[in-house]
Amino acid sequence: VSTRNDSNWAGHPWNRANGGFLDRPQQFFTDATAKEYQKRWLRYAVARWGHSPAIMAWELFNEVEWVDTAQIDGDWPTVIGWHAEMAAFIRLLDPYGHLVTTSAARGHPEPYRAMDYYQPHAYPRDVFNGIAGVPPQPGKPWFFGEFGRGTWEQNADEHLVVRDGIWAGVLSGHAGAAQYWFWDRVLALNLEPEFVRAARALAWSQLAGREGLRPAAVQIDGAPAAPLRLAPGRGWEATKRYRFTLPEDATPEKLALWSSYLNPRSGENAELTREPIEFAFTLAEAGELEIVFTSLSGSGSGLRVTVDGREATQVSWPPAKAVVLSPTGGRAHQPAPAPVRLPLAAGTHVVGLECTGPDWVQIDRVAIPGLGKAIRAHALAGADFALARVTAERAGLGAAIDLQIAGVADGTYRLRILDLENGEEAEQTAEVRGGALRGFRVERADATLILSH
């Protein structure tokens, strides 16, 4: 019922051009016959599959924000009313009382009024930032019902994409882990261990039975310095934050407001990138800034980089003779160009990124020398418990750090460690003193830590 996005309207049997009864796809939500047929389908679905314990919920629509009623007419009240009517109908039918939900963009939560939980979708460049950086809507359970990496290629590190999606949801206090869209690839690429290890960690932590846990700030002392690698937490969406003061703003909550797609400030997508992206920071010593790309438009693109208000470099990329269509949006891509690297002197700087057209370029990451740490951590915690994920670059392996997880009380704890790369387990007694797990030696590149009594 869309003429713009993944459209099947031209072949729809309800289209009057095909002998049907609808003149426009918008009538799907209002025409009496269309609604009667929809209710017949729902009745069939409940009768046919309602007995199955494999059914978690009935999902009334997939990404309803793309229908013509919303995209062209902006008629959200009609979409909301349709959802309320169908949800009430299916609840009357279902003797087992399954949950009822739908799928709608985060910017339009209104269709969820009659639903039992929220389950938006996300295809950010950086999966962890894009999921962990989004606070749940209040009042109902929330988790991401669909996610993937918002890039044109399927990646060699797909196991990390799945892992980031799982742990971003868990450590952010969502009602569940995010759900990976490319389910067929889980078997093909042997990604099941990511789910097995996560389930093991959740069983150890007894997370489902714990109340009052919140995402907790983590401070790491003793980690070697490393480049600060900033990755956008939004996909094909409008950027909502244009200036980042670093390293303070290098958090999922703030990076989730930055779209990986840098659009020119003229043309049909100008509203998606209204200003240049700016990074303000101070370097203790000279180094090299690196801008890495994921892809660029098949129509070509350009980038202007400024340092302290002056143009430092400008590059342009021509249209491609051959393009690849994205599996997550149908946009025509060409492979990523070479990174842009710029020397920076010690001192305070403001670096700006501006797309000079004719179409978008997709940012993979921006690396700023010496501003980051080789060990990072995120945690969910209460007064006497913490579940954390600690990742380390090669420079961080072997380092002894003080890990301070906000809100965790001093005392003696049982510390269980699960290596997320190979599934190896370890257990030891640990002391939290002065609010920190002191002298913890980082021996794994990616692991979960469970502190409990």
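**Note on the predicted structure**

1. Overall content. The protein has eight helices and 25 strands. The structure is a predicted model, and the points below should be read with that in mind.

2. Dimensions. Along its principal axes, the C-alpha trace of the protein spans about 70 × 55 × 35 Å. A compact globule of 453 residues would have a radius of gyration near 22 Å, and the protein, with 24 Å, agrees with that expectation.

3. Of the 453 residues in the protein, 51% are buried. The accessible surface comes to about 20,800 Å², and carbon and sulfur atoms account for 50% of it. Among contacts with a separation of 6 or more, 72% are made by residues 24 or more positions apart. An open sheet of nine strands has the order 5-19-20-25-22-23-24-21-6, and its pairing is antiparallel. At its edges are strand 5 (214–216) and strand 6 (218–221), each of which pairs on one side only. On average, neighbouring strands of this sheet are turned by 25° against each other, with direction ignored.

4. Strands 22 and 25. Strand 22 (residues 411–419) and strand 25 (residues 446–452) run antiparallel and are joined by six bridges. Within this pair, Ile 417 stands opposite Leu 449 of strand 25.

5. Helices on the sheet. Which strands does helix 5 touch? Helix 5 (residues 158–171) packs on the sheet and touches strand 5, strand 19 (375–382), strand 20 (385–392) and strand 25. The direction of helix 5 makes about 150° with that of strand 20. Helix 7 (residues 192–205) lies across strand 20, strand 22, strand 23 (425–433) and strand 25, and runs at about 165° to strand 22.

6. Strands 21, 23 and 24. Four bridges connect strand 21 (residues 400–405) with strand 24 (residues 436–441), and the two run antiparallel. Here Ile 401 stands opposite Phe 440 of strand 24. Strand 24 also pairs with strand 23 in the antiparallel sense, over two bridges, and Arg 433 stands opposite Ala 436 of strand 24. The hairpin of strand 23 and strand 24 has two residues between the strands, and Gly 434 in this hairpin takes a positive phi near 60°.

7. In soluble globular proteins, nonpolar side chains tend to be buried together. The largest nonpolar core in this model has 60 residues, and those with the most contacts inside it are Leu 60, Val 64, Trp 167, Tyr 180 and Leu 387. Two or more residues of this core come from each of helix 1 (32–49), helix 3 (76–93), helix 4 (127–132), helix 5, helix 7 and strand 20. A second, separate core has 31 residues, including Leu 228, Phe 244, Leu 255 and Leu 353.

8. The surroundings of Trp 167. Which residues does Trp 167 touch, not counting residues up to four places away in sequence? They are Phe 128, Ala 198, Ala 201, Leu 387, Arg 389, Leu 420 and Thr 448. Of these, Leu 387 is, like Trp 167, listed among the residues with the most contacts inside the largest nonpolar core.

9. Two cis peptide bonds. Most residues other than glycine have a negative phi, and most peptide bonds are trans. The peptide bond from Leu 246 to Pro 247 is cis, with omega near 10°. Pro 247 is found in the loop between strand 8 (243–245) and helix 8 (252–255). Gly 357 and Pro 358 are also joined by a cis peptide bond, where omega is about 10°. Pro 358 has its place in the loop between strand 17 (347–355) and strand 18 (361–373).

10. Two residues with positive phi. Asp 6, which is not a glycine, has a positive phi of about 45° and is found in the segment before helix 1. Is Asp 6 buried or exposed? Asp 6 counts as exposed because its relative accessibility is 73%, and the cut-off for exposed is over 50%. Asp 308 likewise has a positive phi, near 55°, and has its place in the loop between strand 12 (301–307) and strand 13 (310–317). With a relative accessibility of 36%, Asp 308 counts as partly exposed.

Conventions:
Residues numbered from 1 in each chain as written. Predicted model: local features only at pLDDT ≥ 70, side-chain atom pairs only at ≥ 80, totals over all residues. Heavy atoms only, no water. Pairing = 2+ DSSP bridges. Axes fitted to C-alpha atoms, helices over the stretch in contact; angles between N-to-C directions. Contact = heavy atoms within 4.5 Å. Rg over C-alpha atoms; globule rule 2.2 N^0.38 Å. Buried < 20%, exposed > 50% of the residue type's maximum accessible area, 1.4 Å probe, protein only. Areas by Shrake-Rupley, 256 points an atom, 1.4 Å probe, with all protein chains shown as cover. Core = buried A, V, L, I, M, F, W, Y, C linked by side-chain atoms within 4.5 Å.
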